[in-house]
Amino acid sequence: MVTQPAYTQDHSISASGGTRTMKAYGSIGYLDNQGTTKGQEYQRYTLRTNVELNPKNWITFGAGVNGSWQYQDYGQSQAGGSTNVTADLIAAAARIEPYSLPYDAEGNLIVHPGGKARVWNVIDEWKYSTNQRETLRLLASLFTEVKLFKGLRYRMNFGPDFRYYRNGYYNDAKSIVRELSASNASISNTKDFSYTIDNLLYYDNKFGAHTVGVTLLQTASKWTSESSSISGQGIEMPSQMWYAFGTLTSAQLTSWSSGLTERQLESYMARVNYNYNSKYLLTLSGRWDGASQLAAGNKWAFFPSAAIAWRLDQESFLTNVTWLDQLKLRLGFGTVGNAAVGLYSTKGAINMVTLPFGTSTVTGYTLTNAVANQELGWEKTTQFNLAVDFAFLRGRVNGTIEAYRSSTTDLLLTVALPSVSGFTSTIANIGETSNRGIDLTINATLLAMSDFSWNINATAAWQRDQIESLMNGKEDMVANNWFIGESIGIIYNYEKIGIWQDTPQDQEQMALFNANGSQFAPGKIKIRNISLGYQVPAKLLDRIKINSLKVYAQVQNAGMLWSQIKFRDAEYGTLYYNRGYVFGINVGF
Amino acid sequence: MNKFKINILVLWAIILLVSGISSCKKDFLDEELKTQRNTDYFKTPEGISDLADALYNHYRAFFMNREQAVATNACGTDEFIVGGDQAQQTWNDYNSNLGSIVPNVPTANVTKTYEIWDMMYKAISDANVLLANVDEVITDAGKNKLFKAEASFLRAFSYFRLVQQYGPVVLKLEPSTGVERYFIRATKEECVNQIIADLRTAYAGLPDVEESEGKLYKDVAAHFLAKALLYRCSEINDDWNASYKTTDLAEIITLTNEVIAHHPLATDFSDIFAYTGSDGPNEMLPEVIFAAQFSSTTTIADVGNGNYLHLLFLSVYQTLTGFVRDIAGGREYQRCRTNDYTFDVFDIENDSRFWKSFKTKANLNNISNLAQLNGTDPNTSVEVTYAQGDLGLIYIINKEGDTRFSNPAAGGTPLVKSTHSGVYFNNPVTGKPTPHSYARYLADGSGYLRLPGNVSRYPALSKYLDGSRTAVAATAGRRDGIYARVAETYLIKAEALIRQNNYTEAISVMNIVRERAQFRDGEDRAAYRDGGAAVLTNSNAPLNANGVLINSNSNANSYYESLDIPVTTAATDITTGITPASLPAVDEAIITKLGLSGDYDRMMCFLLNERSRELYGELFRWEDLARTKTLLSRALTFNEGTAGANAIREKHYLRPLPQTFLDAIYNAEGRALTADEKAAMQNPGY
């Protein structure tokens, strides 16, 4: 009743070309995705262009624009309804009892079929309820690079990013979300603009066997976001939706708001790359970063890093080992920072309250629940890294083993405070955590014949993180669920004994639980994805002057292969399958 | 070469220009909060004035913040037992779940121990900020005194509630500007003395008359000062209050006399609760001394911002055939159920307060299933049909020995149809049986109303019904929340007199309240008004398919049907003939049940009963019983839930300190508390 078979189209065209002094690339794309629930759809247009100009050999200009326009109809909206209305039409439809009547004797819609307060009549609901979202995104990047004199280059990057987002919802008076009373609508607009300016200076030179590269960078970024929204009820004509708020009286407006947030980041960096004979490599760098959302006096911090590498395969004692193609040993350390805290959290905002005295209204201000921390600074993570890159047998096997240890200090965390102080939380730099692990990656080509090949890519990782210390040294902070020696996301609860197995004892237990409405069953198998592709051979294509042609088909979320419970998607836990079939063609000219 | 150099210079110029654009300004990283004010505002005169206004929001929080007001003050007493929804069973039964962490059993609606704690300390923190800054900022002596008085009152009021619930608490008198974690509990004496000192500051600084509706004035401070002094004299503080008693009791009499002089009692008890709309006449009565303000202004009256109490006392009517939930009848959360004590503590024939506090009749309002009630009456063989507005639900509070009703389930007088419920009751006025009738006593002497199957059927407390809400499901009520009215002031004075052993004088004071409670000459005893009637002027109230207002509110009670006496309009008298040795019959019965003897205990029982009769369900009961140390005996006798597997015990005179507090504080050395230290800080027994 609420679903439909849906078609998706995805097309794109791209072209590139150039001359001696100019290179250009452009592409446009279109995506149209109909939803499997009635009333839902999604469309997207994308545009990409890149131009690079090289009028003289010492100067290059480049500009690129990446834009997209998206329109999404979410199908229905429950905003403004009672909390009992379910989150999506499919679940609501599944709740309706098959024997209850949708319309009464006069042909009017019954809001609760069967008289149950939590069952809603969703027939035709998508015609009376809608939520439409539009997004326009434009990213541009412009750069200029100038070769000053031997080895010295200057480059400037400028990257603006603009996003406009509009979210409107409308529920008609006939929508069950409104329980057949007045309609409601809302519109919200958000405009985000940000830019980054980089100034870079490069110096590269080779003195005999020594190669040196120096990079200097100064960068500044700013993000600004403005938003506004308004909602109201009692809209007269369905076609007005959220476009005619001027026709409502102030009593019909239910909420309105607007907001502004601004954030800035500034950095300076210096980096030196040195290698001797391409065998011994060294990198040193240092960064100074400043973030506007931290407290005054603590906005800047210094982040150094250094690394050395040794290409063993270039050494004389290894040149005769033919099965060894690459062996590189690297050791490095670096510090990075994190300043991801809520904006304005060091400013000590207070709350406005509106209250009545008899028939008149008064506004006042009170404290909020969070106390501002005037010492808020950067969180720093320092990591040590030791790795070996290897490749054997003419590249048939290659991989990396890496061991790392990192420790984070001055973690930015929300701390719970006793309510007696009047405040229940604050954000502070407290404690230390550490993380260590080993990663292993291997890529191997097992078979490489003329028309059949088999590659294996394998990764393995082991990792352990733990809290080293908190606000007061090595002491647990139970109120926040932080325990020394355990990881941050630890679960503080009853210990679970195990998972249901297919044994008679467990089956008995399961029967007891299932009698109460649980869904335990030992094991289920589900098919996630089947795909098939065919690459048309080049000889056929030559005749039609096409460079490459590939045809493919896919089934996604095919269904359960074996399960005791037939109607439920065990992986996502939903009552329905979003089964999809995809057909495609890739053509290259 | 020259050209090359010029090119270089030009390029460097461009570089520097561009860098200048980007950010070499010193203040690029400055953050400015443009959309809100910050704490510096409180160092300005406008800020202090705004803070003083905002302090009043804390009085509203008690009524707004869901169920904590009822769970901690009405549940677990003699006045109410657990209703059909057992969400607050933990607080009613004092079972093992009532500890420093209250688990979400049976539902997540159960009030937690930290709710009152956190709410009060938030209020205290705002009051402290004002008191700390007012001297430097406000130079006008008059305003300075007023703001100090308002903040002192809020602080004392909040500490008063904290001390009554939790016992000795942390005494915080300075605001926090940063992180503070070291807190210790003060002694009870220090806490109570601080409360009284703050109330005296308030008394001295507040204006003589109420400047605008809801603002504090001298009489409010006087009333609460009298209450606080009475608390100091109460049995729960007997281990340290001996030196204060004489002076305190004398002062209580003076203060209460002052308040009584300014506030006449309303003529009719139901005037106080006959809510017709926000800021209607019942909220402006001189009897009301202080109330937390709620209003119908849309921006203020939305979800989460209204008086929540209208939900919690009601009994279920929407599942009865012929009824649908409506604004007048309210949303039935049925947390607190009336019990036998409710019916026994009133002299229901002569005391009008029972009939004016509880809802005993409701009218049919659901035209879509009314027709199912029609049928042939098996007792009279007459066809009966029902229409909207006919009496649909009646609670008959009859006396033991009434033989009119028999149990339908046990083969008694049959009902008209299976869609009817309860006992068979033929309405003498219309001749039609009332479809849903519930009687207190059956002909065989057994109780019917209190059968386990009738757990959602009881005459509900009607003092909070709100017919002015915007929708049937709306939880935001617009009624003011009454904190103090002069009837209580009389009873405070009476209690002080009893404690001075001046029993005859106490009785004469109580008689003033009782006289108002009598039926007056010419009064229609069956008339009934409650806040649900506000639906008649409510433009948002839904209409049924015929365009008629859906209204289950009845303007009648079941006085004559319950008592089965002829109609009369003569005045009744419940004030004559009361002496300490010969108290009214209903009180003597309760005294016998509780096994009390001795003049003092008997008089105190009489007073506590009178407080029940006058102030039933007005959120004073738990604190009254706890401070007079009568909670155990009264709860065990009248509230069967407290006598369960984990019966109410001595430790329950105080609430447990919340675990969130114990986990977050540090001891003197700056470390978190050990398990032993936490146990030492907690109230005994928890």
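Student: Let's start inside chain B. Is B:F157 buried or exposed?

Tutor: Count the C-beta atoms around the residue, placed from the backbone: 20 or more others within 10 Å means buried, 12 or fewer exposed, and anything in between partly exposed. B:F157 sits in helix α7 of chain B, residues 141-166. Because 28 C-beta neighbours lie inside 10 Å, B:F157 is buried.

Student: Before we go on, what am I looking at, and how is it numbered?

Tutor: It's a predicted model, so local features need pLDDT of at least 70 and side-chain atom pairs count only at pLDDT 80 or more, while totals for chains, interfaces and linings use all residues. Residues are numbered from 1 along each chain as its sequence is written, with chains lettered from A and ligands numbered from 1 in the order in which they are written.

Student: Which element gives the most to the side of chain B that touches chain A?

Tutor: Contact here means C-beta atoms, placed from the backbone, within 7 Å. On that basis, 64 residues of chain B are in contact with 52 residues of chain A. The elements giving two or more residues to chain B's side are α1, α2, α3, α6 and α21 of chain B; helices are DSSP runs of H or I with at least four residues, strands are E runs of at least two, and both are numbered from the N terminus. The top contributor, with 7 residues, is α6(B).

Student: How many residues of α3(B) are buried?

Tutor: The buried ones are B:N57, B:H58, B:Y59, B:R60, B:F62, B:F63 and B:M64. Just after α3(B), B:R66 takes a positive phi of about 55°. For the helix itself, the buried count is 7 of 8.

Student: Over to chain A. How many bridges join β6(A) to β7(A)?

Tutor: Strands pair if DSSP finds at least two bridges between them. On one side, β6(A) (residues 152-171) runs antiparallel to β5(A) (residues 129-149), with 18 bridges. On β7(A), residues 184-207, A:I197 is the bridge partner of A:F158. These strands also run antiparallel, and the number of bridges joining β6(A) to β7(A) is 20.

Methods:
Contact = placed C-beta atoms within 7 Å.
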